[in-house]
Amino acid sequence: MRFRFLPKEFNFFDLFDRQADNAIEAAVLFSDLTSKGAVEEASLKKMEDIEHRGDEATHGIIENLNKTFITPFDREDIHKLAMMLDDVIDMINTIVSRMRIYKLSGVNMNLVAFSSVIEESVRAVACAVKGLRNLKNAKSIMDSCVEINRLENVGDRMRDTVLANLFETEKDPITVIKLKEIYQDAETVLDVCEDVANVVESILVKQA
Amino acid sequence: MRFRFLPKEFNFFDLFDRQADNAIEAAVLFSDLTSKGAVEEASLKKMEDIEHRGDEATHGIIENLNKTFITPFDREDIHKLAMMLDDVIDMINTIVSRMRIYKLSGVNMNLVAFSSVIEESVRAVACAVKGLRNLKNAKSIMDSCVEINRLENVGDRMRDTVLANLFETEKDPITVIKLKEIYQDAETVLDVCEDVANVVESILVKQA
Amino acid sequence: MRFRFLPKEFNFFDLFDRQADNAIEAAVLFSDLTSKGAVEEASLKKMEDIEHRGDEATHGIIENLNKTFITPFDREDIHKLAMMLDDVIDMINTIVSRMRIYKLSGVNMNLVAFSSVIEESVRAVACAVKGLRNLKNAKSIMDSCVEINRLENVGDRMRDTVLANLFETEKDPITVIKLKEIYQDAETVLDVCEDVANVVESILVKQA
C-alpha cells in the first residue's frame, strides 16, 4: 500500500456498537414474529429497515477501513467482523422473508425454540463485539465466545432432531421443502454467530 | 514474503479483460438458451468451452499474482476479483447444466426475465472491471457498480415473486424442487456480480 | 502487527499431518458405512470423535499461528489450509449425520461409488499436505494436486449422472429431497479437496 495523507484514526467501535444493536433488533423481531406465528406488513417493513441500517453500518466500516491508516486491530479482522455481523442480520432477514413467501402461518414451536436460541446467541455476539473497545474486558469477551459456541452446538442438535421429526411425521412434500429450508437457515444463523466469535477470539489472541 | 528475482510486472488487465468477455459470453449464451427453451448439445459444448477458458484465465491471474512483485492494486483484491469473476461463469454454467439434468424444456418466462437481468448485470460487471485499467474512468466505474447493486435488488424481488408464485400454483413437488433451485441459482449469479462490484469499489477507494 | 516476544517457531507440520490423518479416517469410515448400508451408533460415535479431534487440530493451528512470529509459509495460506482441511472432515460428518437423520438404509451403490472417489481424493490431499514439510517433494505434491483435480471432475460427472437418473426414476418426492441433498454434499467434499489442492499449489509457486 502506498503512503497517503489520510485521516489517521476513525472510531470503528462506534459503528460496531451500532451494528451489534442492529443484530439484536433483528433477533428480537424474529422472536416476536415466531411467537405470534405471523409475518405482517409492519414487521416486514421493520425488518427491511434493520437490514438497510445494517448495510449502511457495514458500508461505513469498510469505507473507513480503506481510508484509515491506523486501525485498532488487524485490518483483515475488522473487515471480517463487519461482513459477518452483516451476515447475521441478512440471514435473519432471509428467514423472515421466506416465512412470508412460503405463507407459513400459525405458531411453529420449533421456530419459537430456534428464535430463542438465536436471540441468546446474538446477545452474546453483541457483548463480545462491544467488549472489544476495551481489552480489559478480555475475560468477559471470552466468556461470551464460549457461550456462542455452546449455543451453536445446541442449535446443531435442535436442527437434527427437528429435521428427523419432520421427515418422520410430515407427509406433504411441499411442506417438507419449506420447513426443511427454514430450519436449516435458522441453524445457519448460529453458525454465523460462531464465525463472529472465532474472529473476536483471534483478535484477543493477537493483542494478548 | 521473501525477496526473489521475479518478473517485475505482469499485465493483469489483459487477463481481466479476457475474463470479463468470457462472463459476457456465458450470460449471452444463457439468454439464448432460455429464450429458445432448450439446452441442445451444441450449446452445452459452448458453455463448457467458456467455462474452460474461464478457468484458464483465473489460473493465469493467480499464477502470475504469485510470481509478480509489483501489482497494480492490492494482491488480495486481484485474487478476489479473479475468483469472483470465475464464480459468475461457474454459476451460469451450473444453471445451464441443471436445466439439462432436470430435463426442463419449453420456454419459462421467469427464466427469460432472470437471464435478461443477469445479462445486464454481467455487462455492467465487464464495464467496471475493464475500466480499472485507467482510473480516470473512476466515475463511470462507480456508475456501473451502482447499476450492479440496483440489478441485485431487482433480482431479489424477482426471486421472491417467482417463488411465491411457484409455491402457490405448482402442485407437483418434483417440479417445485427443480424450479426452486434454478430460480435461487439465478438470483445467486446477481449476488456474485454484486460481490465483484464491492471489490471494485474498494479498489477505487484505496486508490483515491 | 506489533513486535512482541513470542515463541519464534512452532511446528505446524506435525498438526497438519495429524489433521490429514483425521481426514483419511473420516473418509475410510464413510466408505465403511456406505458399503454396509447402515449408520450404527458405534460409527456415529467414531465420526463425532474424528470431528472433535479435527476441531482441536484446527484450533491448535490457528492459535499457534496467532502467537508465532516465523511461519514456514504465508500466514494466510496456513490459515486457509487449516480451515479447508477441517471443512473436508465437517462435510463428511454432515453427510453421515444426514444419512442417519433421513433414515437411509440399505446399500446405495451411488453412495458407495462416491465414497470410493472421496477416499481416493482425501488420500491424495493427505499426500499433498504432508509433502509440504519438505519442498524436495514438490514434484510428487504437484502430482497429488493434479489427481485431486481429476477426481473433482470425476465427481462432477458422477453427480450429474446420478441426479439425472434420480429425477428420471424416483417418483417419491421425499426420497428425491433426501438423496439429492446427499449426492450434492458428496460432490461438495470433492470441491473442498480441490480447494485444498489450490492452496497447496499456490504455496509451492510462492516457494519456487
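Trainee: What percentage of the 208 residues in chain A is buried?

Mentor: The model is predicted, so local features need pLDDT of at least 70 and side-chain atom pairs count only at pLDDT 80 or more, while totals for chains, interfaces and linings use all residues. Residues are numbered from 1 along each chain as its sequence is written, and chains are lettered from A and ligands numbered from 1 in the order in which they are written.

Buried residues make up 41% of the 208 residues in chain A. A residue is buried if 20 or more other C-beta atoms, placed from the backbone, lie within 10 Å of its own, exposed if 12 or fewer do, and partly exposed in between.

Chain A has 6 helices and 0 strands, where helices (H or I, at least four residues) and strands (E, at least two) are DSSP runs numbered from the N terminus. Among its contacts between residues at least 6 apart in sequence, 84% join residues at least 24 apart; two residues are in contact if their C-beta atoms, placed from the backbone, lie within 7 Å.

Along the principal axes, the C-alpha atoms of chain A fill a box of roughly 65 × 35 × 25 Å.

As for the neighbouring chain, the contact takes 10 residues from chain C and 10 residues from chain A. On the side of chain C that touches chain A, helix H2 (41-67), helix H3 (75-101) and helix H6 (173-207) of chain C each supply at least two residues. The largest share of that side, 4 residues, comes from H2(C).
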